[in-house]
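Please keep the sequence and the coordinates at hand while reading.

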Amino acid sequence: MRTLACIAAAAALAACGASGQTAPVDNFSDQWPSRTRPYDVVVKEWTRAGRIIRDFDTVLDLKATFMSPDWRAAYVSKRAELELMSDEARATLTADQKAADSEHYEVALFVATFRHEENELQKGERSMWRVVLADDRDNEIRPIEIERVRRPFEAIHT
């Protein structure tokens, strides 16, 4: 099941009309990697972008990063490096990330729109948008929760 969801995250945004993106990830494994790869490389591999345009007007720009075990391991490594974590703190962060990965799929979805009324993904069934992970066989996984994060762009980007 995890394989389907991973491919779904990549394929869902590719279907949105993403251009210039890497090929869908084909190295998904639900196993924690034995070797950590550079964070910037992993982020690019697990991120897809799309744009919805209507009547020559951009309605929505979006990027989604699937937090695979590969991504989570790179995240732990990068964060531990930046924060100069002790071995104990790094082990705790690793355990937390492994636990989160085993519980659910997680996607960081960054959405930008100039139309305030269309920024309502967190409304679930009442939203004008339908948010699911979908694979090439039309299997879908609906989100358990969509959490709206209200932070300045600069903080999110950093």
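Asp70 counts as buried, at 12% relative accessibility, where buried means under 20% relative accessible area, exposed over 50%, and partly exposed in between (1.4 Å probe, protein chains only). The model is a predicted one, in which local features need pLDDT of at least 70 and side-chain atom pairs count only at pLDDT 80 or more, while totals for chains, interfaces and linings use all residues. Residues are numbered from 1 along each chain as its sequence is written, and side-chain values use heavy atoms, with hydrogens and water left out.

Asp70 belongs to helix α3, which covers residues 69–82; helices (H or I, at least four residues) and strands (E, at least two) are DSSP runs numbered from the N terminus. What surrounds Asp70 when residues up to four places away in sequence are not counted? Asp70 then touches Pro33, Arg37, Val42, Glu45 and Trp46, a contact being defined by heavy atoms within 4.5 Å. With Trp46, the Asp70 side chain makes a side-chain polar contact of 3.1 Å. A polar contact is a pair of N or O atoms within 3.5 Å; within protein, one must be able to donate a hydrogen and the other to accept it, and residues adjacent in sequence count only if both atoms are side-chain atoms.

Asp70 also forms a salt bridge with Arg37, with 2.5 Å between the closest N and O atoms. This pair links distant parts of the chain, 33 residues apart: Arg37 sits in the loop between α1 (2–14) and α2 (39–45), and Asp70 in helix α3. A salt bridge requires a side-chain nitrogen of Lys or Arg within 4 Å of a carboxyl oxygen of Asp or Glu. Arg37 is itself buried, because its relative accessible area is 18%.

The structure holds 6 salt bridges. One of them joins the side chains of Arg72 and Glu106, at 3.0 Å from N to O. Arg72 is buried, at 1% relative accessibility, whereas Glu106 is partly exposed, with a relative accessible area of 30%. Glu83 and Arg79 form another salt bridge, their closest N and O atoms being 3.0 Å apart. Here Glu83 is partly exposed because its relative accessibility is 46%, and Arg79 is partly exposed at 30%. Salt bridges that share partners join Arg37, Glu45 and Asp70 into one network.

The nonpolar residues come next. In soluble globular proteins, nonpolar side chains tend to be buried together. The largest nonpolar core has 8 residues, namely Val42, Trp46, Phe66, Met67, Trp71, Ala74, Ala108 and Leu133. Another core, of 5 residues, lies apart from it and includes Val59, Leu60, Leu62 and Trp129. Such a core is a set of buried Ala, Val, Leu, Ile, Met, Phe, Trp, Tyr and Cys residues joined through side-chain atoms within 4.5 Å. Val42 and Trp46, both members of the largest core, are also among the residues that Asp70 touches.

For the protein as a whole, there are 5 helices and 5 strands, in the order α-α-β-β-α-α-β-β-β-α along the sequence. Of its 158 residues, 30% count as buried. Among contacts between residues at least 6 apart in sequence, 62% join residues at least 24 apart.
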